[in-house]
Protein chains: 2
Amino acid sequence: MPTTPRFELFSFWRTSATYRVRVALNFKGLEAHERNVDLDAGEQRSKEFLAVNPLGAIPALIDHEMSADSAPITQSLAILEYLEEVKPTPALLPKDSYGRARVRAIAAMLASDTHPLITPRVKKYLTTTGGFDAAAWKAWQGHWFTTGLQAVEAKLSHDSQTGRFAHGDAPTIADICIASILAVTPIFGIEVADIPTVNRIVAECEKVEAFAKAAPKRQVGAPTE
Amino acid sequence: MPTTPRFELFSFWRTSATYRVRVALNFKGLEAHERNVDLDAGEQRSKEFLAVNPLGAIPALIDHEMSADSAPITQSLAILEYLEEVKPTPALLPKDSYGRARVRAIAAMLASDTHPLITPRVKKYLTTTGGFDAAAWKAWQGHWFTTGLQAVEAKLSHDSQTGRFAHGDAPTIADICIASILAVTPIFGIEVADIPTVNRIVAECEKVEAFAKAAPKRQVGAPTE
């Protein structure tokens, strides 16, 4: 008889932030039941979903081992830290505080300072109130993906701690965030130049089953071609 | 004879992200030598500073106890986590993993999903390439501050874990991020309506010396009136 998974994940096939949580769950061997929130249909702004996350954004995670009055956990980086705490092995953060800070900083360069600029709610504002046409929106997307990824490239190519992955030779939350951006740029038709270290690391990530299985096109709801 | 402080902080009087680090340092009784990066003069884009942070953003922190080949730690939330690890008491995160996740999520609602939208580099893009005039930029600022703070308000007023502060009765990283936004909205002439719980918590924060001392107007470089 199938058991109910411990986790429930509010998700959508395409989003970068959901991808991060999927990789971490896969990497740690944790199972989640996914509940689809159709961003194209605007379900993230439904009254039902706003009760899950008042910001109207996915992912959101329920751990059935939390107490009954615990609201779902939101924000991809907060979810990754939570999973790291409740299932520390295999680890997604280094053991030393400096290494952890470096990994968290690289993650935030993309999850905080890049991705929030190209979310659906920003698109909605810029293409209505902001007066952006499709070309202006695409230029905006390209500008911020390029800014964020080239800054990460500069850091990775400079720092001696960079290895096979962003920090040493095992994947961390930094790699998850890097791969999460490159997982969606092709969907938007964006190509970022001059990021050889980033591209090398993403190629390493794709060899890891936890990352490969999380690819947007392999999710329920993805277009079939 | 004065000793050299353990920490060096690249900072500017006005910024929300630097404020967060100042509060945490004050709260934990840690001393930092501040190195001013004049954002109004564009010093964050100088070659010298880009070597510190390729994203051209402050804050950045050097811990003189790190090894010599360690690049400065960037990203305010990564710095806060680092300070929490190297000086755990007094704590800025709850002890339980769910509580920590909730605090990190509230922090990220503002530090990741709100503040990056109103930074100087976004202003630069929107008011040049983006064609925004001063009124359009101010409307943009108001929109995202309102969206982020009202979402935090909805969460705080809903969750049973909210206490005197955002999570229980002691300040956490969540309160630091909330106060960091309200520390700068008056500078921008922005007032956000319908956030009574947020305002109540910020008033509590202001009673705590670690927060009060970090106020932008009390920093070196602030306008004298």
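User: Which elements of chain B are included in what covers the buried residues of α6(B)?

Analyst: This is a predicted model in which local features need pLDDT of at least 70 and side-chain atom pairs count only at pLDDT 80 or more, while totals for chains, interfaces and linings use all residues. Residues are numbered from 1 along each chain as its sequence is written, with chains lettered from A and ligands numbered from 1 in the order in which they are written. The buried residues of α6(B) include Trp140(B), Trp144(B) and Phe145(B) (buried: 20 or more other C-beta atoms, placed from the backbone, within 10 Å of the residue's own; exposed: 12 or fewer; partly exposed: in between). Their cover includes α4 (97-111), α5 (120-127), α7 (173-182) and α8 (196-206) of chain B.

User: How far apart are the end C-alpha atoms of helix α6 of chain B?

Analyst: Helices (H or I, at least four residues) and strands (E, at least two) are DSSP runs, numbered from the N terminus. The expected span is 1.5 Å times one less than the number of residues. The 25 residues of α6 (residues 134-158) should therefore span 36 Å, and the end C-alpha atoms agree, lying apart by 36 Å.

User: What radius of gyration does chain A have?

Analyst: Chain A has 9 helices and 4 strands. The globule rule (2.2 Å times the number of residues to the power 0.38, the radius being taken over C-alpha atoms) gives 17 Å for 225 residues. Chain A is as compact as a globular protein of that length, because its radius of gyration is close to this, at 17 Å.

User: Which element supplies the largest share of the side of chain A that touches chain B?

Analyst: Two residues are in contact if their C-beta atoms, placed from the backbone, lie within 7 Å, and 38 residues of chain A are in contact with 38 residues of chain B. At least two residues each come from β4 (73-74), α3 (76-86), α4 (97-111) and α6 (134-158) of chain A. The largest share, 9 residues, is that of α4(A).
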